[in-house]
Protein chains: 2
Amino acid sequence: MSSKLADLSPLARKLGAEAPLTEAQVAAILALPATVRQVDAGQDIVREGDMPSQACLLLDGLAARFKIAADGARQIHSFHISGDIPDLQSLQLARMDHSVSALRPSTLALLPHYGLKDLIRAHPELGYLLWRETLIEGSIFREWMSNIGRRQALERVAHVLCELAVRFDVLGLLYGGVLPVRIPQVDIGDAQGLSVVHVNRVMKQLKAQRLVRMKGPLIQILDFKALADVGDFDPAYLHLHTLPEICTQRAA
Amino acid sequence: MSSKLADLSPLARKLGAEAPLTEAQVAAILALPATVRQVDAGQDIVREGDMPSQACLLLDGLAARFKIAADGARQIHSFHISGDIPDLQSLQLARMDHSVSALRPSTLALLPHYGLKDLIRAHPELGYLLWRETLIEGSIFREWMSNIGRRQALERVAHVLCELAVRFDVLGLLYGGVLPVRIPQVDIGDAQGLSVVHVNRVMKQLKAQRLVRMKGPLIQILDFKALADVGDFDPAYLHLHTLPEICTQRAA
DNA sequence: CGCCGGTTTGAAGAATTTCAAAGGGAGTGG
DNA sequence: CCACTCCCTTTGAAATTCTTCAAACCGGCG
């Protein structure tokens, strides 16, 4: 399923977060050639080894980048939500060194490379901003490395929940601390180098400590500050211009 | 100790690895304003929280990016050798989200941001190439995440040794499989989320299997292919244009 | 109603850490 | 040139965290 009517405003919003874009810049972004596509949960978007001629902007849903190790274990490198371009690097690195797939049903805008290249040529400043986004991703990778390599399971899970909460809050999608998309515990495990079983036990602890609870299939963060404390979470690595509400408020 | 006579050719070499640079581009790189500085082993180069006005190009030695977790544990995010600019991101992200320090005595060229910015403005193509380098770094971060999160200690250590061997070989600094710089086991551990003790036990195994041995204080790789096999190492993530010798030859 | 994906639980086992201490070896200073 | 010292490496034993295996449970949906 695909169409030509893609609303690329999530991208414009993201690039304009640091400093307002000019009207011409916004117009140029919104006019990018794009194709909308729906994908199911579990469906691959790009695979390791592919040489894509387009990048995918996530409009809605949840996607992840990941790699499968020799023994079949999956390592998720990052979660992606509205406004993210998980495979933007394909613009420069021809061959994909990892895969991207949808963790939940998602909506994508496929952006042909030529359109992005033209955009950058015409508006070098936007090229800078795209570069900047990839640098922030790099910062998140590093933080995850610290998480996985040097923190205990409880801290890791708390940390990643904090990150997701902040990122959703930036988009204005966090109401009452509820992460607005279902995130299976296997995926949290694959992201933090843990088994599902252990993620589950850790979630149990976080629930017992009244830091989080389930709201149907969704996770609700009850006490962000305490959770951030447990998870050694400091949002500096997200390089946000202004911190969202949840970072500044007290327990719910 | 510092001077104005910096030989920036390692940077030109690196940026020209994918496709030859024009003479003008090379000249512009070599003419960048720069200050040379020597640092001792263990000395910090940039600290988390700093807002640098220059980036550091490593000319010689060994440096690492890292972060200290709440309990004091250090996670090394990457190793850096000649030609690398570990804090290039500071050009875009004002506040350092991690630290950089020298693991061994090293020589740096400090490159003021304004010089780099002028360079990019004058030669947008070089800006692209710098962006590309940061993307490759990101790829390495992801691979390390997979390593730390989903591989066992033996595999992790084998993997990181392979990576170092390849990267040194690309620079023409690998003779007979000997990594040309001393790398303390603590640092390998901090890089791969392991204790020194365990790194040591794992090295013992690798030595017993005749995959590596010590050449004085230096590590010598005896059988790259077998080591790569143990470490589930595939150099694709380094995005090299041409693979160095060690990737293609058989056991030493 | 019964299936299905995902969650939860228990028990046993494995990998790795921690603690504590001894053992090199490479470079320095006498 | 030798001895000393400072790092760094190496080793053993006990403790922990997390994984694996196996099975039960749960809630929503066709």
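How many residues lie between β9(A) and β10(A) in the hairpin that they form? The hairpin has 2 residues between β9(A) and β10(A), and G216(A) in the turn has a positive phi of about 65°. The structure is a predicted model, in which local features need pLDDT of at least 70 and side-chain atom pairs count only at pLDDT 80 or more, while totals for chains, interfaces and linings use all residues. Residues are numbered from 1 along each chain as its sequence is written, and chains are lettered from A and ligands numbered from 1 in the order in which they are written.

**The hairpin of chain A**
- Strand β9 (residues 212-215) of chain A pairs with β10(A) in the antiparallel sense over 4 bridges, where strands (E, at least two residues) and helices (H or I, at least four) are DSSP runs numbered from the N terminus and pairing requires at least two DSSP bridges between the strands.
- Within this pairing, R213(A) has Q220(A) in β10(A) as its bridge partner.

**Two helices of chain A**
- The axes of helix α6 (residues 185-192) of chain A and α7(A) come within 8 Å and cross at roughly 105°, with axes taken as lines fitted to C-alpha atoms, for helices over the stretch in contact, and angles running from 0 to 180 degrees between N-to-C directions.
- That angle makes α6(A) roughly perpendicular to α7(A), a term that covers 65 to 115 degrees, whereas under 35 counts as roughly parallel, over 145 as roughly antiparallel and the rest as oblique.
- Q185(A), V186(A), I188(A) and G189(A) in α6(A) meet V196(A), V199(A), N200(A) and M203(A) in α7(A), contact meaning that C-beta atoms, placed from the backbone, lie within 7 Å.
- The residues of this contact divide into 5 nonpolar, 3 polar and no charged, where Ala, Val, Leu, Ile, Met, Phe, Trp, Tyr, Cys and Pro count as nonpolar, Asp, Glu, Lys and Arg as charged, and the others, Gly among them, as polar.

**Surface near DNA strand D**
- DNA strand D is surrounded by 16 residues, of which the closest are A153(A), S195(A), V197(A), H198(A) and Q185(B); a residue is near the strand if its C-beta atom, placed from the backbone, lies within 6 Å of it.
- α7(B) gives the most to this surface, with 6 residues, and the residues of the surface divide into 8 nonpolar, 6 polar and 2 charged.

**Chain B against chain A**
- In chain B, 34 residues are in contact with 34 residues of chain A.
- α4(B) gives the most to the side of chain B that touches chain A, with 16 residues.

Notes. Two residues are in contact if their C-beta atoms, placed from the backbone, lie within 7 Å.
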